[in-house]
Amino acid sequence: MNIIKLLGYIERIGDRGISPTRISRNTRYVEKVINILRKYDLIEIHGNRYRYIYLNERRLKLYNLLRQVELILSEGGEIKLEKISDKKFISKKEYAPEILIQSPSFLRENPWLTILSKRGRE
Amino acid sequence: MRLKYKLFSKLHLQLFYEEEARRLGILDEWREAKKTIVLFKPIVAKYVGYEYHIPYGLNYVNFYPNIYPEPIIVNDSLQDEKFIEYLLLEIPRILGKQRKPIMVDIVDKFSKNINSGYKYSFNILERIGYVFKIPVIVIGDDNIAKIYDKWRSMVVKIENKLYWVL
């Protein structure tokens, strides 16, 4: 598949996801597009009967790059990206479970916890 | 002795760690609430004038952005204990009535135990973002950006231009 077409579908899916019918009414064509996007590990699909195509973190990076290209084109000038962090995006799966289940180690000796004992009771 | 905060919603209780619930004296309610899972559809915000969406969780900016939908702006004068207390005990109550993005200028929020204060604040805000599925926009300088390492997005303004940091 033409790379421009592929980027076009990434743009169309956006960062909120879309239903397959938004790609095309032609189901065969939709399957073809989905298979290609899957092959490049760019999407997640949720649901069986009513499917919904979602971004994954890899695709989100591409999508953000597209936004920058759009910015460069719209401003007509050269843009240098300031890099202030090498940290990677983290996936929703990594992000979700650990936060609420286990308190982080820094909290055990954290002096700020003591205010809760004071504020909880009068 | 009586609880200052007599009632916590199930959603609010889900935010707490066991240690926090113990210190607040609400361990039984907390255990009960933890049996329930509340799932919200995420709220996605955007920077006004830019087609860039802000996902739920912690997002970093180094300027005061215009956000849509209109966010809850954390009172800038809050510091130290009052700031922590506001994040953990007040914001979830406000969000319980209406979910909205949160915007907080995090610079100079602590006069003592600075590092542990910031770590704890980010931890609380991260939990709020996850439980309520709302974007939390943290405004700070480069040093603030480096304290936390799981930003969902980073947008910086340099010489009046926005840059998305990957």
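1. Strand β1 (residues 45-47) of chain B is joined to β2(B) by two bridges, and these strands run antiparallel. Strands here are DSSP runs of E of at least two residues, helices are runs of H or I of at least four, and both are numbered from the N terminus. Strands count as paired if DSSP finds at least two bridges between them. B:A45 has B:I54 in β2(B) as its bridge partner.

2. This is a predicted model, in which local features need pLDDT of at least 70 and side-chain atom pairs count only at pLDDT 80 or more, while totals for chains, interfaces and linings use all residues. Residues are numbered from 1 along each chain as its sequence is written, and chains are lettered from A and ligands numbered from 1 in the order in which they are written.

3. The open sheet in chain B has three strands in the order β2-β1-β4, with antiparallel pairing. Because β2 (53-54) and β4 (67-68) of chain B each have a single partner strand, they stand at the edges, and one side of each lacks a neighbour in the sheet.

4. Chain B averages a pLDDT (the predictor's confidence in each residue, from 0 to 100) of 88, and 96% of its residues score at least 70.
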